[in-house]
Amino acid sequence: NRILIDSPASESAWTGVPRHVATLQDVEATPVATTIQRGLRAGKLAKAVKEQNTLGKWEELKWAKKIQHREARANINDFDRFCLDKARRTRAFTLRKKLAEKLTKAGKKEKAAKVFKA
């Protein structure tokens, strides 16, 4: 029920995990894997990761993009947060307006009035 985890440091933000033993309950498997022999040292492991483009495959996953998005949102300042909120509200307003126009064309004026109150 235990596995050996190692991720040699490289230019990517996803690497640099020191070699250690972890239980399977503490880790979550990803769809990206590097095919290696048993007991490789850090140098050969880094070479295998680079040759098989493991980090490139990981960065294309939606999972990795979601983590990057979450970190970017956590590290923005107040002005950027305000701009992001303003853009979100503007987009929602535009979508509600278009939906109300479609509902009006379809003959559902009451429902359009509930969707878009301007």
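A: A residue is called buried under 20% relative accessible area, exposed over 50%, and partly exposed in between (1.4 Å probe, protein chains only). The model is predicted: local features need pLDDT of at least 70 and side-chain atom pairs count only at pLDDT 80 or more, while totals for chains, interfaces and linings use all residues. Residues are numbered from 1 along each chain as its sequence is written, and side-chain values use heavy atoms, with hydrogens and water left out.

A salt bridge here is a side-chain nitrogen of Lys or Arg within 4 Å of a carboxyl oxygen of Asp or Glu. Helices (H or I, at least four residues) and strands (E, at least two) are DSSP runs, numbered from the N terminus.

In helix 4 (residues 78–105), Arg88 and Asp85 lie 3 residues apart, about one turn of the helix, and their side chains form a salt bridge with an N to O distance of 2.8 Å. Asp85 also pairs with Arg89, the closest N and O atoms being 3.2 Å apart; these two residues of helix 4 are separated by 4 residues, again about one turn. Asp85 is partly exposed at 29% relative accessibility, as are Arg88 at 44% and Arg89 at 40%.

Another salt bridge joins Asp6 and Arg19, with the closest N and O atoms 3.2 Å apart. This pair links distant parts of the chain, 13 residues apart: Asp6 belongs to strand 1 (residues 2–7) and Arg19 to strand 2 (residues 17–23). Asp6 is partly exposed at 22% relative accessibility, and Arg19 is partly exposed at 42%.
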